[in-house]
Amino acid sequence: MSETYHLAIDLGASSGRAILATFDGKKIDMKEISRFRYPIQHKDGHQFWDLPAIYNHVEDAVDKAVAMTSDKNAKLASIGIDSWGCDVAYFTKNGNLIGLPYAYRDPHTDDAIERFSKKMPLDEVYNRTGIQFMTFNTLFQLDTIKPVADKILWIPDALAYMMTGNAVMEYTVATTSQMVNAGTADLDELLLEKIGLDRGQFGPMVQPGHLIGEYRDIPVYSVAGHDTGSAVIGIPAEGENFAFLSCGTWSLMGVELPHALITDKTREHNFSNEGGLNFSSRFLKNICGMWLFEQSRLEFKDVPQDTGELVALCDKSDCGSIINPDDPRFAHPESMTAAIREYCEETGQRVPETPADYIRIIFRSLARRYGEVMECLKEICGKEIKCLHVIGGGSQNSRLMQYTADELCMDVIAGPSESTALGNLLVQVAACGLTSWDNLRKISKNSTETKTYKPCLTKK
């Protein structure tokens with residue numbers, strides 16, 4: 001077959017990328033054509049996303065992709081958008097954006113879970129949705145904001161609506177809300193009633209691969225709108241006996257299951273059942289990820305700017321202190337290094353003094369936490385796990401990957417770092433009818449390179 005061209009818009013928690021890809025029937029070749037930042041906007045004590053600015057970046061990326069394909073006497077075959085989960089945008093009946101979407105790190109929902117528990121027992125919420133409790137889940141955002149809007153759309157769906165005029169609710173990103181009933185695979189009517197909203201304010205539920213509409217005569221498809229959903233689709237795995245770790249600002253560790261797993265134990269350990277292809281479940285747990293490192297490095301003085309060189313500083317430290325990355329104090333502190341120092345002081349451990357100390361503490365603590373979650377995961381799901389596939393930017397961090405292999409005592413297969421964009425594109429080529437859905441992992445393997453880290457006999 002002749003090559004086809006596809007555009008993935010991949011939006012992270014602080015920056016986005018546009019990836020123009022070619023597909024030759026066997027593999028996908030990706031080229032980043034633009035990268036753009038959209039820092040959280042601070043206004044009146046709250047934090048927001050500048051959605052119009054993000055939309056302008058998307059339009060610019062499409063312009064560039066169209067020009068590049070035209071130069072090759074070809075046409076862009078499809079567009080797909082993925083983003084972070086939970087946050088939503090509000091629109092009027094005429095399709096106008098109402099204000100700016102709240103950012104999930106805004107503290108306005110800090111006590112939202114406790115407030116909602118007075119409306120409905122939390123056990124019942126979990127039994128209905130199978131989603132772990134996080135203060136920024138859409139359920140609690142909407143209960144706090146109490147929006148008046150004709151349409152309420154998650155970020156990738158909001159951007160697709162702005163492009164096509166058609167409103168949909170893509171399944172994988174919708175499930176991050178803690179509002180989708182695990183049994184019906186649609187919004188839970190009782191939860192909507194509790195927060196005073198109507199099903200008609202949301203778009204029809206669609207699966208990855210749905211044709212939303214067209215933008216400039218280019219088909220716009222729903223992909224796995226949640227970036228983790230796309231990342232998991234992009235894993236170049238063989239067989240089913242593996243766990244995954246999506247390692248970015250957040251770390252998400254889990255396994256793929258055909259159906260949601262909701263029990264007393266999964267509720268006790270706060271595991272989530274997020275949506276996957278064909279209504280499958282990404283059974284996983286959120287762990288604070290590279291956020292600790294990203295925020296700490298902003299405070300370091302006289303250190304290398306290159307990330308690889310900065311990461312390597314941990315070799316110059318012998319600090320053995322361990323923190324709990326999921327301690328609430330690390331969610332949005334004024335100073336991350338101060339929060340780490342405070343934790344070490346309170347727990348009677350050595351207090352970090354140098355950037356090398358902080359970096360070593362962060363990476364070893366993340367690896368230790370991954371080990372704890374892995375043991376819990378294996379016990380609860382009863383699935384044999386032979387290796388861990390790590391995807392996302394953190395997969396390029398050789399120190400963290402080796403620490404993780406040592407803690408888990410199993411092979412860690414790192415890569416691809418661009419798994420989210422790859423998963424986005426895999427859905428597009430299947431939706432275009434260019435390959436079968438069963439063939440996606442094979443295409444992923446043909447399109448990527450990985451590195452395997454073996455556990456050391458002695459943990460360091």
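## Exercises on a sheet and its salt bridges

In this predicted model, helix α15 (residues 419-431) lies across β1, β2, β3, β6 and β14, and it runs at about 140° to β1.

**Exercise 1.** Work out which strands stand at the edges of the open sheet, and explain why one side of each is left without a neighbour.

*Solution.* Begin with the order of the six strands, which is β3-β2-β1-β6-β14-β13, with mixed pairing. Strands β3 (28-37) and β13 (211-215) stand at the edges, and because each has a single partner strand, one side of each is left without a neighbour in the sheet. For β3, the pairing can be followed in detail: nine bridges join it to β2 (residues 15-23), the two strands running antiparallel, and G16 stands opposite F36 in β3.

**Exercise 2.** Find which parts of the chain are tied together by the salt bridge between R199 and D186, and decide whether R199 is buried or exposed.

*Solution.* First, the side chains of R199 and D186 meet at 3.0 Å, N to O. Next, R199 lies in the loop between α7 (189-194) and β12 (205-206), while D186 lies in strand β11 (residues 186-187), so the pair ties together parts that are 13 residues apart in sequence. Finally, buried means under 20% relative accessible area; R199, with 17%, is therefore buried, whereas D186, with 25%, is partly exposed.

**Exercise 3.** Determine which helices are tied together by the salt bridge of E379 with K265.

*Solution.* The closest N and O atoms of E379 and K265 are 2.4 Å apart. Since E379 lies in helix α13 (residues 355-381) and K265 in helix α9 (residues 264-268), the pair ties together parts that are 114 residues apart in sequence.

Note on methods. Residues numbered from 1 in each chain as written. Predicted model: local features only at pLDDT ≥ 70, side-chain atom pairs only at ≥ 80, totals over all residues. Heavy atoms only, no water. Pairing = 2+ DSSP bridges. Helix = DSSP H or I, 4+ residues; strand = E, 2+ residues; numbered from the N terminus. Contact = heavy atoms within 4.5 Å. Axes fitted to C-alpha atoms, helices over the stretch in contact; angles between N-to-C directions. Salt bridge = Lys/Arg side-chain N within 4 Å of Asp/Glu carboxyl O. Buried < 20%, exposed > 50% of the residue type's maximum accessible area, 1.4 Å probe, protein only.
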